[in-house]
Amino acid sequence: MAAPVSTVGKPSAERLPLNTTSFQKKTRTKLISIPGTRPSVQNGQLLVSTGVTSLDYLLGGGLAVGTVLLVEEDRYDSYSRMILKYFLAEGVVCRHELFVASAQDNPDDILQELPAPILDDVAIHKPVEQPRLSCEPQDSLDAMKIAWRYQNLPKVQSALASSSRFGHYYDVSKTMEPEIRQAAKCHRFYLTEHPTQSPPTHSTMLESYSALLKSLQEVINSEGFDVAAPMSKSRNILRIGLPSLGSALWGDDLSCHDNPRNGHALATFFYGLRAMLRSSLAVAVVTVPSHLIQDRALMGNITRLCDNAIALESFKGSERETNPLYKDYHGLLHVRQVPHLNCLASKLPDHKDLAFKLKRKQFTIELCQPVSTIGCQKSKVKLLTVA
């Protein structure tokens with residue numbers, strides 16, 4: 001037996017216990033586990049689904065928590081509102097909390113128009129029944145009904161958000177049942193219920209935008225969405241839907257004059273919104289009527305203040321509506337900006353010829369490649385189809 005090492009003459013602070021080494025096991029930081037979210041495969045950023053699977057693909061897997069998606073509205077504000085409804089409906093299915101603000105429609109009316117989720121969108125593989133033998137016990141018969149490699153798989157349930165797939169499918173021809181919609185907690189901001197005052201002379205933000213930011217900050221602080229707040233309860237995601245910001249209904253004059261007096265009000269709001277979301281478990285989808293804003297340089301500044309930006313160009317009222325090359329589509333989708341998370345630069349996706357169409361039950365985004373040669377039909381390559 002080896003004698004222990006003598007520690008005579010050494011300070012007690014330098015004495016090491018026996019069987020100690022300098023090796024330390026590396027521990028990974030524990031990611032936040034919230035239903036309806038998943039980490040990005042590129043940088044581990046927490047992602048949520050927009051409700052449109054193909055749009056998630058274009059944005060790099062989904063919307064990162066703490067970011068803003070800007071949607072430039074089409075001329076009749078029908079398809080951009082559809083994307084907003086998908087985003088809110090996905091939040092209801094995932095049991096996320098919602099914040100809906102509007103200056104035109106009551107937020108309750110917007111929530112009543114959410115599309116209905118498709119509960120049987122997951123294929124259920126039924127096991128093949130085996131012939132029953134009288135000499136075998138009942139337990140062994142139950143075990144023989146399916147192959148052994150499927151016995152440990154989770155059973156498919158009909159409840160909402162029971163599938164492990166990221167994102168869900170929806171039927172736009174039906175509205176969500178009230179029981180499902182009322183199960184999610186929703187915060188509302190209706191501008192007509194918040195009387196505004198004339199903005200002070202030293203402020204660059206309209207009173208309506210200032211009241212909206214203040215209401216958002218109160219919800220984030222009181223409901224525990226601030227990442228700096230102590231984790232007194234289970235964490236959740238706040239989905240923020242802001243339709244038609246920059247319109248005259250918000251008191252903004254961007255679409256009324258070529259040289260608006262409040263030209264920097266909307267840009268200031270986006271700057272404050274983005275800074276607020278950076279330190280909170282929240283994600284926002286904002287629609288803006290960009291076709292009414294005459295100052296394109298100002299619209300470019302607003303786009304750069306957002307993390308993601310897409311534009312919808314509808315064929316209604318244009319010559320493309322009767323063009324046989326685009327007869328299967330309702331408009332084009334332009335990706336203005338997709339962020340490189342944790343980087344200063346942004347990138348654009350590889351696919352640029354994107355089109356969308358609204359069927360009877362589904363909203364789809366496809367890769368459109370029309371061919372203008374005589375005698376040849378239009379060729380199209382479907383990117384992803386979203387129900």
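This is a predicted model: local features need pLDDT of at least 70, side-chain atom pairs count only at pLDDT 80 or more; totals for chains, interfaces and linings use all residues.
**Whole chain.** Show the chain as a cartoon and look for eight helices and 16 strands. Of the 387 residues in the chain, 43% are buried. Switch to a surface view next: the accessible surface comes to about 22700 Å², and carbon and sulfur atoms account for 52% of that surface. Now consider how the chain folds back on itself. Among contacts between residues at least 6 apart in sequence, 69% join residues at least 24 apart.

**The largest nonpolar core.** Select L63, L88, I237, I310, L333, F363 and I365 and show their side chains. These are the residues with the most contacts inside the largest nonpolar core, which has 45 residues. Which helix gives this core its largest share? Select residues 79-93 to see helix α2, which supplies ten residues of the core.

**Another core.** Now select F99, L216, I220 and A284. They are among the 40 residues of another core, which lies apart from the largest one.

**The cavity.** How many cavities of 30 Å³ or more are there? The count comes to one, and the volume of the largest cavity is about 40 Å³. To find the place, select R81, S102, A103, Q104, P243, S244, S247, L249 and W250, which line this largest cavity. Colour the selection by residue class: the lining has four nonpolar, four polar and one charged residues.

Conventions. Residues are numbered from 1 along each chain as its sequence is written. Side-chain values use heavy atoms; hydrogens and water are left out. On a 1 Å grid over the protein atoms alone, a cavity is a set of points where a 1.4 Å probe fits but cannot get out, and a pocket is an open set with protein on both sides within 12 Å along at least five of seven lines; lining residues have an atom within 4 Å of a point. Grid points are joined across faces, edges and corners, and a volume is the space filled by probe spheres set on the points. Ala, Val, Leu, Ile, Met, Phe, Trp, Tyr, Cys and Pro count as nonpolar, Asp, Glu, Lys and Arg as charged, and the others, Gly among them, as polar. A nonpolar core is a set of buried Ala, Val, Leu, Ile, Met, Phe, Trp, Tyr and Cys residues joined through side-chain atoms within 4.5 Å. Buried means under 20% relative accessible area, exposed over 50%, partly exposed in between (1.4 Å probe, protein chains only). Helices (H or I, at least four residues) and strands (E, at least two) are DSSP runs, numbered from the N terminus. Contact means heavy atoms within 4.5 Å. Accessible areas come from the Shrake-Rupley method with a 1.4 Å probe; for residues, only the protein chains shown count as cover.
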